[in-house]
Amino acid sequence: MKSNILSRLRRVFFPRVSKKLNAEFDRINLDATLIISLIGVPIGAFGITSILLWRDPLDHLPYSLYSVVYCFLSSLLSAIASSAMRRRPRVSHPGRSFLLYVELFMLIAWGTTLSFMHYSYGEQIITFYIVISIVTTFLALKPYVGIPVVVFSFTGFYMILVAFDGASQIVVLNYFAFCILCAAGSVMRYHLTLRHLREKAEIDRLNAQLRQDVQSMQLEVTKKELELSRTKIRLMQNQISPHFIFNALGIIKSLIWEDREKAADSVNDFSVYLRRNIEALRSGEMILFQKELEHIKAFLAIEMADETVELQVEYDIHETAFFLPPLTVEPLVENAVIHGVSCYDHGARIRISSRTEGACYVVEVSDNGRGFDTAKLTGGVGIENVRTRLEGQCGGRMDITSTENGTTALIYIPKRGEHHKRTGT
């Protein structure tokens, strides 16, 4: 218990302050001294002088002149010193403290001298009280500095009055009660300023941390955007493969001699297929699933135009009015063709469906192939490529399961208004 009390008293009267906060206190006190020098002291001097001149101008003229001269000289020197010190941010703490104590001594000495003269002529010692009140109100002195300054000032002034006049008009209890009040006010002023500076330092720290976090987020977003751009380029390079183009042209060439009407349809399908790929390369916007479905049908139509390929395609489409990144489902269908048709001479089947499940649109692509290692896809666009764009552009995800009886790919697109109101090509 005793140690806790001593610890609290030590924090109150001997607070530990960092060098940065010491510098802040120095600047605050220099600003306060400058304000006192430019405003407070001249107002006090003129106020006391006007009272003296109004009561007995001739008798009090020398003391009034002394008050004005001393006041302006001390104010001028204090203002010049404070201004010069404020312009030098790298001045050491002891240097600023020394200047502050000199200015403080000049201020209290002026109040003591002027008050003693007024008291000697039957006036109240209000000037000394005003000066001490200004000190405890404006200056944020450390407790182990502020308390001695106040106590020694009161004691010294009292001893001067006793030595020269007996101090018969001073009520000692009231006098030193005001001394204790000013000392407590000085301590309170310091700790209020200390709390304010610590809160300000914490706010600055949080702001710096926030700026750092924002910069990190911006850097992360930039990296993701760069990765999406690279992924998009790789996607286009993989998607428009020379093998498929030559295969499609070969199919169209053979159909021209066998069935010109079917050849014309294949040319249209091939045109749609190429157009969708090029549009996806040029535009970063998401597209309606209806557009993606047209792309898929064009691709499958070209594949099924080859009479050597026996492929059954089943559509179970319930939702088309939602947006997704381009070339998201089509690569999965292409992989299903590669890993399904290539494994079966007869009876290869692909099923494409779309539906709503809770807060997501779901697109499913399944085949009856023999399965494959999802980490080593060949002949098409990699799964990670599609998954990266899904996560980056619309917050979607993709799940793939592959067994010896077939492969199923599920794409989940969140129903987020911002994503599904965007227009695409």
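Which residue forms a salt bridge with E314, and how far apart are the closest N and O atoms? I started my notebook there.

**Ground rules.** I am working with a predicted model, where local features need pLDDT of at least 70, side-chain atom pairs count only at pLDDT 80 or more, and totals for chains, interfaces and linings use all residues. Residues are numbered from 1 along each chain as its sequence is written, and side-chain values use heavy atoms, with hydrogens and water left out.

**Salt bridges.** I looked up E314 and found R351 as its partner, with the closest N and O atoms 3.5 Å apart. My rule for a salt bridge is a side-chain nitrogen of Lys or Arg within 4 Å of a carboxyl oxygen of Asp or Glu. This pair links distant parts of the chain, since E314 is in strand β2 and R351 in strand β4 (residues 348–357), 37 residues apart. Helices (H or I, at least four residues) and strands (E, at least two) are DSSP runs, numbered from the N terminus. I also noted that E314, D316 and R351 are linked in a network of salt bridges. The count by this rule is seven.

Next I checked R355. I found salt bridges from R355 to E357, at 2.8 Å between the closest N and O atoms, and to E364, at 3.0 Å. For exposure I use buried for under 20% relative accessible area, exposed for over 50% and partly exposed in between (1.4 Å probe, protein chains only). R355 is partly exposed at 24%, E357 is partly exposed at 36%, and E364 is buried at 15%.

**Aromatic pairs.** I list 11 of them. Rings of Phe, Tyr and Trp (its six-membered ring) pair if their centres lie within 6.5 Å; planes under 30 degrees apart are stacked, over 60 edge-to-face, and the rest tilted. F154 and Y175 have ring centres 5.2 Å apart and planes at 70 degrees, so I logged the pair as edge-to-face. The two sit in helix α6 (residues 143–165) and helix α7 (residues 172–239), respectively, 21 residues apart. Both F154 and Y175 are buried.

I then turned to F289 and F322, a stacked pair with 5.1 Å centre to centre and 10 degrees between the planes. F289 lies in helix α10 (residues 289–305) and F322 in the loop between β2 (311–317) and β3 (323–324), so the pair ties together parts 33 residues apart in sequence.

**Charges over rings.** Here I ask for NZ of Lys or CZ of Arg within 6 Å of the ring centre and within 35 degrees of the ring normal. I found the charged end of R397 over the ring of Y412, 3.9 Å from its centre.
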